[in-house]
Amino acid sequence: MNKKLLFGTLALGLIFGSVFGFQAIRKIQSADAAVAGQTQMIDAQGKLMQATQSNIDNGLASVRTFKKSPAVNVTYQNTIWNPYYSADPTGRPESQALNFVDDEGWLYTVAADTNKIIQVGPAPRTSLDQPTPTLDFTARYSKNELQQYAIKWLKDQGANVDEATKGLEFSVTTKDEKGYFFRWTDKNSTDKMRFLQVGFTIGGSLLSYTNSL
């Protein structure tokens, strides 16, 4: 598989899938946080984010349910602001999310308030030793076949696709026809980027998944 094509397709999936607006974050040391079983983070604007051990445990459970594997090796990475909420001038409390990575190179973003997985995609690599997801680009599915494959996959994940996407705008994007991204967007939302999207290679490998409905 051509590496440029592989990473180009992955990059496209993340661009279309999320527009990751994650702020720069740094971990701080806190004796009180350690005692309370909390992980605290300060974002680039100096705002405090924190995740309790309960948040982390619930997030891990959500990832393992998504993977359909209670034994999968998953690691908590950090806490971020939910990237799908826009700034709210009325003062709505900001929503936090937790990032987890598995040993196959996938990144999972879980909403802290609902324990719902809102984003799945390849984890950023900081070294060549870190794993990357294995993708199959064998020409196995046409665009229409892949759309049905994607809908079945969403239903297997427990998503009520027919009901959840009523009245939403549907679109399909691709990169060199090696992978397709199927997206349902709520154009009427004002304070949140509301959409459901999943992308697959023509061989049936997951590229990315986003659900902010």
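A residue is called buried under 20% relative accessible area, exposed over 50%, and partly exposed in between, using a 1.4 Å probe and protein chains only. By this criterion S212, at 2% relative accessibility, is buried. The model is predicted: local features need pLDDT of at least 70, side-chain atom pairs count only at pLDDT 80 or more, and totals for chains, interfaces and linings use all residues. Residues are numbered from 1 along each chain as its sequence is written, and side-chain values use heavy atoms, with hydrogens and water left out.

**Confidence**
- The average pLDDT (the predictor's confidence in each residue, from 0 to 100) of the chain is 79, and 73% of the residues score at least 70.
- For residues 1–37 the pLDDT is below 50, although this stretch has 72 contacts (heavy atoms within 4.5 Å) in the model beyond near neighbours in sequence.
- Where pLDDT is low, predicted coordinates should not be read in detail.

**Serine 212**
- S212 lies in the segment after β11 (206–211).
- Its side chain reaches the backbone oxygen of M193 at 2.3 Å.
- Apart from neighbours within four places in sequence, S212 contacts Y84, K116, K192, M193, R194 and F195.

**Serine 62**
- S62 belongs to helix α3 (residues 53–67) and is buried, at 15% relative accessibility.

**Asparagine 188**
- N188 occupies the loop between β9 (179–185) and β10 (195–201), and is exposed, with a relative accessible area of 67%.

Methods:
Helices (H or I, at least four residues) and strands (E, at least two) are DSSP runs, numbered from the N terminus. A polar contact is a pair of N or O atoms within 3.5 Å; within protein, one must be able to donate a hydrogen and the other to accept it, and residues adjacent in sequence count only if both atoms are side-chain atoms.
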